[in-house]
Every structure is written in C-alpha cells, then in structure tokens.
Number of protein chains: 2
Amino acid sequence: MIATFHPTARDNSSQARCGVVTTAHGPVATPIFMPVGTRGSVKALSPHELRDHGAQIILGNTYHLYLQPGHELLARRGGLHRFMGWDGPILTDSGGFQVFSLIYGGIADEVKGRRPQHPARLNDMVKVTEDAVIFKSYLDGSRHIFTPERSIQVQHGIGADIIVCFDELPPFRAGYAYTAESMARTHRWAARCLAAHRDRDPASLPNPDQRLFGIVHGGVFADLRRASAEQISSMGFDGLCIGGSLGAEKAQMYDVVAMTVPYLPDDLPRHLLGVGDVDDLFESVARGIDMFDCVSPTRLGRHGTALVRDPNRRWKVNVLNAALREDDAPLQAGCPCYTCRHYSRAYIHYLYRAKELFGIRLVSLHNVAFLLSLMAEIRTAIGEGRFAALYADWLGKPLYV
Amino acid sequence: MIATFHPTARDNSSQARCGVVTTAHGPVATPIFMPVGTRGSVKALSPHELRDHGAQIILGNTYHLYLQPGHELLARRGGLHRFMGWDGPILTDSGGFQVFSLIYGGIADEVKGRRPQHPARLNDMVKVTEDAVIFKSYLDGSRHIFTPERSIQVQHGIGADIIVCFDELPPFRAGYAYTAESMARTHRWAARCLAAHRDRDPASLPNPDQRLFGIVHGGVFADLRRASAEQISSMGFDGLCIGGSLGAEKAQMYDVVAMTVPYLPDDLPRHLLGVGDVDDLFESVARGIDMFDCVSPTRLGRHGTALVRDPNRRWKVNVLNAALREDDAPLQAGCPCYTCRHYSRAYIHYLYRAKELFGIRLVSLHNVAFLLSLMAEIRTAIGEGRFAALYADWLGKPLYV
C-alpha cells in the first residue's frame with residue numbers, strides 16, 4: 001500500500017505542518033479546506049470553478065447520497081466522480097453525523113451545546129443499538145437502518161477516494177458515562193468498518209483504491225480523547241478524523257484538538273470534521289490539524305454573507321447592508337476570485353435585493369475561493385517558516401498555543 | 001451617423017436575410033437571438049458564459065431596472081454594462097410592455113388572447129392618458145408615471161446601446177377601434193421619444209452613442225400594421241420593433257409579421273419582441289425578421305424543461321421525466337455547450353429532483369446556448385443559400401412562406 005500522508009514542512013512555533021495526502025484521484029497538499037458538496041453538488045458552483053479556484057478535494061455526504069440518488073445508482077453510473085463531473089479527490093463522511101443532524105434539526109447546535117436535547121423527538125426519529133442506527137428519512141419518513149458495514153458498503157458504491165468510519169454522535173450534554181459508552185461502541189464499530197472495507201471486492205467498485213479513515217471520539221473529556229486517539233490510531237486506518245462533541249464554544253474546541261492530536265501518529269493525516277471559520281482554521285492548524293470541511297462558505301453565500309479579511313467583523317460582511325449600495329469595490333480588495341475580478345459590491349448588493357440567483361453564485365464562489373486561498377497562504381507560510389506572522393496578520397493577535 | 005444595419009446575404013426562397021447591426025459596443029450579426037437579463041442578470045448565468053456560448057447582445061427591461069436599482073444609480077455606477085460586467089451590446093425595451101405585463105399577471109397570455117381582460121383590476125393598477133401611463137410598482141405598490149420622455153430618459157441612464165420607444169399595449173380583445181386609437185397615440189409618443197432622444201446631452205450619459213428603435217403597432221389588422229409600419233419607418237429611427245398584439249396563435253403571429261415587414265425599409269434592422277420558440281424563430285426569419293428576444297430559455301430552465309432538436313416533442317424535454325434517471329447521454333447529442341460537454345441527463349435529472357441550484361444553472365445555460373447555436377446555424381445557412389433545407393431539417397416539413 002502507498003503511504004497516505006507525507007509530512008513536508010513543520011512550523012517551529014506550533015504544531016502546524018504541511019504534507020501531501022495521496023489519493024486515487026491525485027495528491028492533496030495540506031493543510032487543506034474542502035468545499036462540501038452535500039448532495040453531489042457544491043451548491044450553485046461548477047466543478048470547473050472549484051478547480052479553477054484551487055479546490056483540491058471536495059466532500060460528499062453519505063447520508064444524503066444514500067437517500068437520493070442512492071449509492072446503487074451512483075455505482076451503476078460509474079461512481080460520484082463521473083456522475084457529478086469532478087475528477088479530483090472526494091471524501092465522503094460516514095452518514096453518522098447526518099443521521100443525527102437532520103433529526104435534531106441542526107446537530108451543530110446540539111453538538112456545540114447551543115440547544116437543549118429533545119429526547120422524545122430523538123427517540124421517535126432515531127434509535128441506536130449495539131448493532132445499528134435505525135432512522136427515518138428526512139425526505140419521506142421512510143425507515144432505514146445503518147450498520148457500520150452498511151455505511152462502508154454505501155461509501156463503496158459512491159466511490160469517494162477517502163471514506164470514513166460510521167460513528168454515533170452523542171449529544172453534548174450526554175455526560176461522561178454516556179460519552180464513554182458511546183465511544184466504546186464507536187471503537188467496536190471502527191473494527192467492523194475496517195473489516196467490511198478489507199472484505200470488499202475492489203474490482204466490482206467504481207473506485208477500487210479507496211482509503212478508510214478512522215474517527216476519534218471522547219467528547220470534551222481529556223482521558224477519553226486520549227484513549228480514543230490511541231485506540232483508533234492503532235487499528236491501521238489510512239487517516240484519522242476528530243469527531244464527536246467539540247464543546248460548547250471555540251476555546252473548548254481548541255482544547256479538544258489539543259488534548260487529542262498529541263496521541264495521533266505523525267504519519268497519518270488528521271481531519272477535523274465540520275470546521276471552517278477563519279479563526280478555527282488557524283487555531284486548529286496551529287494544533288496540528290491537516291484537513292477541514294464545512295458547508296459555511298456556500299451556506300453563508302445563500303444567506304448573503306461574504307467573507308472578508310477583517311477580524312473586527314469576524315471576517316464577514318452582509319451584502320444586503322445599505323452601505324454597499326453604491327460601493328464599486330470588490331467584496332475583498334485584492335481577492336483574485338472570479339467574483340472579485342469582475343463584480344462590485346454594489347452589483348452584488350443589488351442582486352441579493354432583487355433575489356437574483358446569480359448573486360448566490362457569486363458570493364458562494366467568493367467564499368469558497370476565500371477559504372481555499374487562505375489555506376494556500378497558510379501552506380506557503382508554514383513552508384517559509386512564518387506561520388506565526390501570518391496568524392498575527394489575519395487574527396490581529398499573537399499566536400499562542 | 002453610421003448606418004445601423006448592413007444586409008450581407010439574402011435567401012432566395014423566403015424573406016430571410018443576414019446583416020450586421022452596428023452598436024457602440026460592437027457589431028451584431030443577424031438574424032440574432034438575444035438572451036434576456038430582465039433585471040441586470042440573465043438568470044443564473046454569467047456574462048462570460050453567455051459570451052463563450054455565442055451571445056452577441058442581451059436585453060434588459062427598463063421597467064424592472066427603473067424600479068430597482070434605478071436608472072440614476074445605474075448612471076452613477078457607469079451604466080448597466082459596467083454594473084453587470086457585460087461589455088457587449090445591450091438593448092433595453094421601453095417599459096411599456098412590462099408596465100402592463102405585471103398588472104395583468106402575464107401580458108403574454110393577454111396579448112396572445114389566452115385569457116379574458118380584467119378591466120377592474122387593470123384600472124386600479126394602470127391608467128393610460130394622452131400624456132402618460134400611471135402605474136403601481138409590483139414591488140411595493142408605490143405610484144409611478146411613465147411618459148415617452150421619461151422612458152427615454154430612464155433608458156439614457158441605463159445606457160443600453162439600443163433603446164426602444166415607449167408604447168401602450170392594448171389588450172388582444174381591444175377591437176379595431178381601440179387598436180387604431182392606441183396605435184395613433186403610440187405614433188405620437190414615438191415622435192416625443194425621438195425628440196427626447198435628440199435633445200439629450202450625450203456627454204452626460206454613460207453611453208453617448210445610443211440608437212433609438214421605433215415600434216410598430218396595429219394589432220392583428222393588416223391596414224393598421226401597414227399604416228404603422230409606413231409611419232414609424234418614415235420617422236428616422238435606427239431600427240424597428242414589431243410590437244403590440246401578435247394574435248391568438250402562432251399562425252396569426254406569422255400573418256402579422258408578413259403583413260408588416262413588406263412596409264419596412266430594407267436598411268433598418270427588424271426586431272420581433274418577445275419571441276423565442278424554435279418554430280417561431282424559423283417562421284419569422286423566413287418573413288424577414290432580424291432580431292429576437294425571449295425569457296423562455298432561462299424560464300424553461302428554472303422549470304426543468306430542456307430544449308432538444310426534436311420537432312415531435314416541440315423541441316422540449318422535461319428533465320424530471322423518470323426516463324432520464326439513468327441516462328448517461330447529454331441533454332442534446334452533439335451539443336457543444338458546457339452542460340452537454342460535461343453532464344449527463346441522469347445527473348441533471350437528479351439535481352432537479354434534489355432541488356439543487358446547479359441544475360437550474362446547467363439547463364438554463366444549455367437552453368440559451370441552444371437558441372444561440374440555432375441562430376448561428378440559420379445565419380450560416382442563409383449565407384450558403386440553404387435556409388430552406390435547414391428549415392425542413394429542423395421543422396420536419398418544407399418551407400412555405
């Protein structure tokens with residue numbers, strides 16, 4: 001087997017590092033942000049635009065693709081790459097997060113502790129046993145069962161280059177006992193995922209050379225995170241994700257990363273699931289994370305928020321703000337993206353006011369390009385030994401890890 | 001003044017002709033279809049995609065642009081070309097059609113006789129006097145007045161290369177007397193538009209070299225069409241539009257064109273407003289029309305209808321049709337558009353099922369490219385003396401004008 005990850009540069013002031021992840025659809029230079037194409041499309045954007053703006057790898061969601069159009073159809077059509085016209089690397093998550101997410105109505109809020117549990121509704125929509133998760137479709141209420149084996153088989157049909165173990169996502173307020181119990185089950189599921197992956201018949205699959213990543217749990221508890229990191233790292237995965245509850249606020253998330261990464265091997269890539277804020281990217285890279293994904297750039301785009309290089313605005317501008325009405329400047333001065341090369345804030349403001357689809361397209365593209373470009377800056381800075389300076393420049397404060 | 005139109009080729013079997021329309025933003029080879037960017041955006045498409053797929057000129061709607069973002073803002077921002085990032089020719093209509101359209105809730109149906117009049121609602125929303133049309137905004141109900149002079153001033157602010165006289169649009173069932181009365185008023189308004197245009201201060205405008213087209217009315221009545229054609233042709237316009245009621249069905253529309261074109265001068269371009277069906281384009285070109293515009297390719301795209309080269313399907317396929325679910329073929333075999341070069345019917349079918357925005361973008365682009373490519377085929381065929389053969393090939397019947 002080809003080694004999945006090669007470190008190429010290290011930062012002196014932090015755990016930040018550069019590397020290359022090898023995949024069946026080409027190499028990926030890390031640290032990397034991957035745009036999310038939940039349902040086989042990075043919303044409103046073309047694969048060619050993504051490529052032209054520096055996207056190296058995109059993420060698809062197993063849960064959504066399983067329900068529609070279905071992994072069997074995707075396999076018959078030659079896999080997701082061919083179906084959606086993206087010939088670069090793809091990662092699929094396991095479906096675990098989404099099974100819970102669409103039931104809570106926003107697992108991100110739940111995981112991050114921003115809303116109370118809804119145990120009654122949860123029990124109605126999803127049931128967790130030692131063997132499986134039984135859930136209802138968000139599309140039509142139909143009943144589905146995901147086992148670890150089933151998740152891996154579905155991901156085999158989709159054909160992404162990197163696939164991920166199936167996990168349970170305990171609520172933020174689950175407490176130590178349930179988090180430990182759930183983690184242990186996720187570890188048992190990891191072994192089943194690995195076995196299911198090793199048992200596949202590569203010749204029958206759209207992508208015979210898929211890599212399987214394990215997923216580290218343990219919530220906000222340092223001893224559980226260490227135990228999970230050590231356990232999952234020892235099992236022979238091609239890479240590692242940090243999943244589960246990341247705490248109620250950003251500082252706690254950075255702590256979770258810091259209490260996990262030291263127990264991960266140096267020669268495997270580390271993916272922090274679902275993170276994409278500018279400060280979170282810097283803080284997590286500084287703590288040794290290599291890979292990120294988040295729906296935020298396209299979701300923000302649909303809601304009229306553009307990313308800008310301004311920590312005082314939390315890197316965000318609402319394009320509906322009346323101050324942009326006659327502003328001839330691009331969304332971000334100096335941004336080389338298609339949107340900023342050709343369109344003014346005034347035009348984009350108008351497109352959102354007029355509810356013209358093209359506005360969503362332009363801001364989504366800018367936001368994705370913004371994060372891709374930021375990650376390229378981070379890679380260059382690490383390579384040139386000035387990550388701490390870049391951090392200070394972007395965040396307006398010194399790097400302290 | 002530079003002559004606006006130069007005929008370059010003529011068909012032997014019909015009135016079809018090729019020519020070049022000169023504008024401040026470059027020449028336009030006719031016969032031509034212009035995609036419609038009602039509100040400063042050809043819905044879901046970029047100016048670069050339009051250009052790459054052969055768009056020579058696009059149309060903007062004065063009524064919409066007047067209400068939002070406003071012609072004064074557009075003038076301050078350097079005109080519509082600069083605002084929307086399209087550096088090719090633009091034509092704006094006068095606002096007349098739209099003032100009535102948005103009140104009827106679909107003037108196209110009314111003009112084409114497909115629905116009864118609603119005189120009570122009409123009187124509440126719009127009032128026509130000798131001097132002006134008073135109407136309420138579809139956005140907020142606010143009251144606005146368009147005079148011929150005002151329409152031209154608004155179009156000066158927008159800065160299109162070709163602007164159009166303000167007209168009244170009488171209902172299809174108006175009858176001979178009202179149609180004649182309305183036509184006479186539109187003629188008086190034409191003189192006022194011409195005067196307002198000649199009185200402008202070009203140096204103060206975003207586009208100093210705008211051409212003004214007259215608009216021929218007369219409904220479905222041959223003597224009125226002839227009278228209007230002769231009157232408007234004599235007034236010194238740079239081109240001529242055929243407007244007003246075009247009859248209840250396609251055959252009547254072709255008759256209206258045939259009863260009008262013989263009374264138009266050979267050296268001015270002829271624009272048939274709001275027409276874009278494949279058969280209508282062929283029949284109208286055969287009767288001497290040079291220019292077309294229609295929202296249909298993007299509107300059809302938003303509703304999941306793709307244009308195809310099949311007269312038995314009326315050139316349309318519903319992409320939601322289950323037969324496309326696993327169809328690896330492009331929307332149209334051999335189509336060189338971006339959509340057909342990269343995506344299958346199966347993927348597009350799925351995108352519409354999943355309500356992904358990218359589907360609208362792909363089908364809208366294909367539909368626009370389809371009509372642009374059809375018009376290029378028509379131009380080549382006229383130039384090579386085989387327009388009748390192309391007509392027979394596309395429509396499955398011999399050309400008979």
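A: **Where the domains meet**

Chain A is divided into domain 1 (5-302) and domain 2 (305-389), with bounds that come from an automatic or database domain assignment. This is a predicted model, in which local features need pLDDT of at least 70, side-chain atom pairs count only at pLDDT 80 or more, and totals for chains, interfaces and linings use all residues. Residues are numbered from 1 along each chain as its sequence is written, while chains are lettered from A and ligands numbered from 1 in the order in which they are written.

The C-alpha centres of domain 1 and domain 2 of chain A lie 27 Å apart, and 31 residues of domain 1 of chain A are in contact with 27 residues of domain 2 of chain A (contact: C-beta atoms, placed from the backbone, within 7 Å). On the domain 1 side, the elements of chain A that give two or more residues are β2 (17-21), β4 (32-35), α1 (47-52), α12 (278-286) and α13 (296-302), and α13(A) gives the most, with 5 residues; helices (H or I, at least four residues) and strands (E, at least two) are DSSP runs, numbered from the N terminus.

α12(A) also packs with helix α17 (residues 387-395) of chain A at an angle of about 160°, their axes 11 Å apart, where axes are lines fitted to C-alpha atoms, for helices over the stretch in contact, and angles run from 0 to 180 degrees between N-to-C directions. Because of that angle, α12(A) is roughly antiparallel to α17(A) (over 145 degrees). In this packing, Val278(A), Asp279(A), Phe282(A) and Ala286(A) of α12(A) meet Tyr391(A), Trp394(A) and Leu395(A) of α17(A).

Terms used:
Contact = placed C-beta atoms within 7 Å. Parallel < 35°, antiparallel > 145°, perpendicular 65-115°, else oblique.
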